[in-house]
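Here is a short tour of one model, meant to be read with the viewer open. Please keep the sequence at hand as you go.

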Amino acid sequence: FIDPNKPLVVEAVVVEAIAASGSVPRKVGMRQRDLTKDGSLQAVREVEAYMDGKVRKTGVFSVSQLLLGDEIYGPAIITEPNSTVIVEPEWKACFTDQGSLILTRTRPKERAFAVGTDQCDPIMLEIFNNLFMSVAEQMGATLE
């Protein structure tokens with residue numbers, strides 16, 4: 001319902017912008033690990049870390065020792081000058097030619113469902129969560 005005699009008032013606006021990013025240049029001259037020798041990746045040191053509900057022996061790796069295509073399976077800790085990456089059990093980190101670490105799950109996560117929710121579709125659940133949140137926000141804006 002729009003009354004042509006009254007001005008239109010917009011009280012809330014949501015804007016979403018999606019765009020392609022530019023390409024990331026590949027690092028020139030990145031070395032690959034020589035697999036003909038014993039080129040296995042060795043941890044700088046080993047520590048005990050609490051992951052996935054238990055204390056585990058965890059290898060600590062430096063990103064400076066990684067070569068193109070190296071894969072580190074969790075549990076592991078990868079250190080960089082500005083950050084630290086934790087690779088949980090059942091995950092692996094792969095070092096790319098762009099100098100990035102790609103984390104990938106190596107085994108599907110086992111899910112425990114609450115009683116009566118084993119047939120719950122996670123996508124539909126998220127849609128309904130967003131719908132109810134939107135209704136609550138609109139109610140809040142109306143009550144202001």
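Buried means under 20% relative accessible area, exposed over 50% and partly exposed in between, with a 1.4 Å probe and protein chains only. This is a predicted model, in which local features need pLDDT of at least 70, side-chain atom pairs count only at pLDDT 80 or more, and totals for chains, interfaces and linings use all residues. Residues are numbered from 1 along each chain as its sequence is written, and side-chain values use heavy atoms, leaving out hydrogens and water. Helices (H or I, at least four residues) and strands (E, at least two) are DSSP runs, numbered from the N terminus.

- An open sheet is built from 3 strands in the order 3-6-7, with antiparallel pairing; two strands pair if DSSP finds at least two bridges between them.
- Strand 3 (71-73) and strand 7 (101-105) are at the edges with a single partner strand each, so one side of each lacks a neighbour in the sheet.
- From one strand to the next, the twist averages 20 degrees; axes are lines fitted to C-alpha atoms, and angles run from 0 to 180 degrees between N-to-C directions.
- Strand 6 (residues 91-95) is joined to strand 7 by 5 bridges, and Phe95 has Leu101 as its bridge partner in strand 7.

**The nonpolar core**
- The largest nonpolar core has 10 residues, including Phe61, Leu66, Ile72, Ala93 and Phe95; such a core is a set of buried Ala, Val, Leu, Ile, Met, Phe, Trp, Tyr and Cys residues joined through side-chain atoms within 4.5 Å.
- Strand 4 (76-79), strand 5 (84-87) and strand 6 each give two or more residues to this core.
- Not counting residues up to four places away in sequence, Ala93 touches Ile72, Ile78, Val87 and Leu101, among others; contact means heavy atoms within 4.5 Å.

- Thr58 lies in strand 2 (residues 54-62) and counts as buried because its relative accessibility is 0%.
- The Thr58 side chain reaches the backbone oxygen of Arg56 at 3.1 Å.
- Beyond four places in sequence, the contacts of Thr58 include Val47, Met51, Pro75 and Ala76.
- Pro75 sits in the loop between strand 3 and strand 4, and the peptide bond from Gly74 to Pro75 is cis, with omega near 5 degrees.

**Positive phi values**
- Most residues other than glycine have a negative phi.
- Asp52, in the loop between strand 1 (45-51) and strand 2, has a positive phi near 55 degrees and counts as exposed at 52% relative accessibility.
- Glu90, in the loop between strand 5 and strand 6, has a positive phi of about 70 degrees and counts as partly exposed at 27%.

Note on methods. Polar contact = N/O pair within 3.5 Å; in protein donor to acceptor, adjacent residues only side chain to side chain.
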